[in-house]
Amino acid sequence: MKAKTPLWPRLLLAAAFLIQSFVALGSIYWFFELFTHYAPYYVLIAFVFAGYHLFKKQWLWSLCWTCLLVVNLIPLWPYLATSATPNEQDPDLTVLAQNVYYLNTDTSEFYNQVSTLQPDVFVVHEANAIWGTTESEVLRDYPSTAITEKTGIHGIFMGSRVPGTFTEIPLGNQVGLEFIPEDGSYRVLGVHPEAPLISTWAADRNEQFADLVAYANSSDLPTVIIGDFNCTPWSPYFKTLLQNTGFTDARLGFGFKSTWRANSLLFWLPIDHALVSSDWDVVTFEALNTENSDHKAIIVGVSF
């Protein structure tokens, strides 16, 4: 007599298909969209249980898990693949950005990164008021700096090696901080959209995304939009943002590069991004280790 399948595999598979239905409805309702961000973990879980049931010679169960694995691997795959031929071209512009955590009063770690990497532009997210007043020898190489009027969780601090103009750009209920050099050759926009943890925050983040589309289409200047987007690449809203701007996710071709949570052993997601207009070729993209924040820094190098 054939042994009856225990209850736990049935419940686990039912839960997996229920979550997958939430993922499919991600563009319909903010709560369902939260489930779209965990595609790497769905792939890992499906792989484990497809293998488990295959080992047990439970072919139908293994097939169900394999289907879930494939469905979640398809959107994830472009962010796992790396270019077979690394770009050895020197970038014309490098931008370093990090969410430093608004309660962090130690600026030295980030400035050490700046000193080591020597980016052309740096962007600090969740910049509290201390970033606008702290003196550092590193800033001697960055005579052009600005901080948003609002500091703290939504504060942005930027610095540039070359002189130029900083402008606060309205984005939903928040602002981004834009830098354009005096020669008008490009623009860099630092952004920090809202975390979509409740419906009102999710609505505001999506409004900020809509404003980013308008911003991207407002000028022909080569553009880099960089920051903590509070969104993974597998969100339907992030995909729509890329589609409507025509911008490229600079991470593509450079691997997964998770940025949050930086110091976790088990939980990593890429929610810090650099989006670049079609005028640029992406030369480098890296995520950098950090101690004083739950976000890794990212640095992107682009060439005309």
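This is a predicted model: local features need pLDDT of at least 70, side-chain atom pairs count only at pLDDT 80 or more; totals for chains, interfaces and linings use all residues.

Residues are numbered from 1 along each chain as its sequence is written, and side-chain values use heavy atoms, with hydrogens and water left out.

I looked up Leu 25 and placed it in the loop between helix H1 (7-24) and helix H2 (30-33), where helices are DSSP runs of H or I with at least four residues, strands are runs of E with at least two, and both are numbered from the N terminus. Leu 25 counts as partly exposed because its relative accessibility is 36%, given that buried means under 20% relative accessible area, exposed over 50% and partly exposed in between (1.4 Å probe, protein chains only).

Entry on strand E6. I found that 6 of the 8 residues of E6 (residues 174-181) are buried. E6 pairs with strand E5 (residues 164-171) in the antiparallel sense over 8 bridges, pairing being called when DSSP finds at least two bridges between two strands. Thr 165 has Ile 180 in E6 as its bridge partner, and in this hairpin, with 2 residues between the strands, Gly 172 takes a positive phi near 60°.

Entry on strand E7. I then followed E6 to E7 (residues 187-191), to which 3 bridges join it in an antiparallel run, with Leu 177 opposite Gly 190 in E7. The hairpin of E6 and E7 has 5 residues between them, and Gly 184 in the turn has a positive phi of about 65°.
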